[in-house]
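Work through the exercises below with the sequence and the model open side by side. Each task is followed by a solution in steps.

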Amino acid sequence: MAATSSAALFSVLPHPLSTATTASALTSRTRYRPTRSAVRCSSASSDLSPGAPAPAAPKPEIELEFFGPKPGPDGSYPVDRAAAVSGDKLLRDIMTENKLELYAAYGKLMNCGGGGSCGTCIVEIIDGKELLNERTDTEKRYLKKKPESWRLTCQTIVGNKENSGKVVVQRLPQWKK
């Protein structure tokens, strides 16, 4: 087999800038023209300019399960689920955004709106206590005679921007027997 030079191989193909081409050659060239998507590198960043910031890593997420205050007719507690970026929100905000019952009858009328001055947004943390912030001074004052697992949702930050996991919450623990 005779060796051919690469220049000889490419001389057979029409030059992309040649003006003396037929319509069929033009059609075949446009079919094989590299598109912008074919030229992109495989990195996740769409900005390929030097000095561009690296893409942000996905933020850790906390999964939450909220058990209802009263069991249903079959004896099981209703469960609502939500998720939040670690360290970004208070437990109260997550519950109100997901339209979860936050207050008992008295608390619906007499709550402070998340200011930490009424103590009506009590929940019990069943699992995942380590994924929440420490009790605040306000919580220590309102919950001094309550179990350590009880928290005020308006004072409880979910996560710390670095951790991820699952938190299980019992809503309205004062109704539990």
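A salt bridge here is a side-chain nitrogen of Lys or Arg within 4 Å of a carboxyl oxygen of Asp or Glu. The model is a predicted one.

**Exercise 1.** Find the distance at which the side chains of Glu 65 and Lys 166 meet, and state which strands they belong to.

Solution. 
- Step 1. The N to O distance between the side chains of Glu 65 and Lys 166 is 2.9 Å, and the pair is a salt bridge.
- Step 2. Glu 65 is in strand E1 (residues 61–67) and Lys 166 is in strand E5, so the pair ties together parts that are 101 residues apart in sequence.
- Step 3. Buried means under 20% relative accessible area. Glu 65 has 11% relative accessibility and therefore counts as buried.
- Step 4. Lys 166, at 38% relative accessibility, counts as partly exposed.
- Step 5. Glu 65 and Lys 166 are also linked with Arg 81 in a network of salt bridges.

**Exercise 2.** Locate the salt bridge between Glu 148 and Arg 135.

Solution. 
- Step 1. The side chains of Glu 148 and Arg 135 meet at 3.8 Å, N to O.
- Step 2. Glu 148 lies in the loop between H6 and E4, and Arg 135 in the loop between E3 and H6; the two are 13 residues apart.
- Step 3. Glu 148 is exposed because its relative accessible area is 54%, whereas Arg 135 counts as buried at 15% relative accessibility.
- Step 4. The count of salt bridges comes to eight.

**Exercise 3.** In what order do the five strands lie in the sheet?

Solution. 
- Step 1. The protein has six helices and five strands. From the N terminus the elements run α-α-α-β-β-α-α-β-α-β-β.
- Step 2. The five strands form an open sheet with mixed pairing, in the order E2-E1-E5-E3-E4.
- Step 3. Strand E2 (79–85) and strand E4 (150–152) are the edge strands, as each pairs on one side only.
- Step 4. On average, neighbouring strands of this sheet are turned by 35° against each other, direction ignored.
- Step 5. Strand E3 (residues 122–127) and strand E5 (residues 165–171) run antiparallel and are joined by four bridges. Glu 124 has Gln 170 in E5 as its bridge partner.

**Exercise 4.** Is Thr 138 buried or exposed?

Solution. 
- Step 1. Thr 138 belongs to helix H6 (residues 137–142).
- Step 2. The relative accessibility of Thr 138 is 18%, so Thr 138 counts as buried.
- Step 3. Leaving out residues up to four places away in sequence, Thr 138 touches Gly 116, Leu 152 and Gln 155.

**Exercise 5.** What percentage of the 177 residues of the protein counts as buried?

Solution. 
- Step 1. Of the 177 residues, 30% count as buried.
- Step 2. The accessible surface of the protein is about 12,100 Å², and carbon and sulfur atoms hold 56% of that surface.
- Step 3. Among contacts between residues at least 6 apart in sequence, 64% join residues at least 24 apart.

Note on methods. Residues numbered from 1 in each chain as written. Predicted model: local features only at pLDDT ≥ 70, side-chain atom pairs only at ≥ 80, totals over all residues. Heavy atoms only, no water. Buried < 20%, exposed > 50% of the residue type's maximum accessible area, 1.4 Å probe, protein only. Contact = heavy atoms within 4.5 Å. Pairing = 2+ DSSP bridges. Axes fitted to C-alpha atoms, helices over the stretch in contact; angles between N-to-C directions. Areas by Shrake-Rupley, 256 points an atom, 1.4 Å probe, with all protein chains shown as cover.
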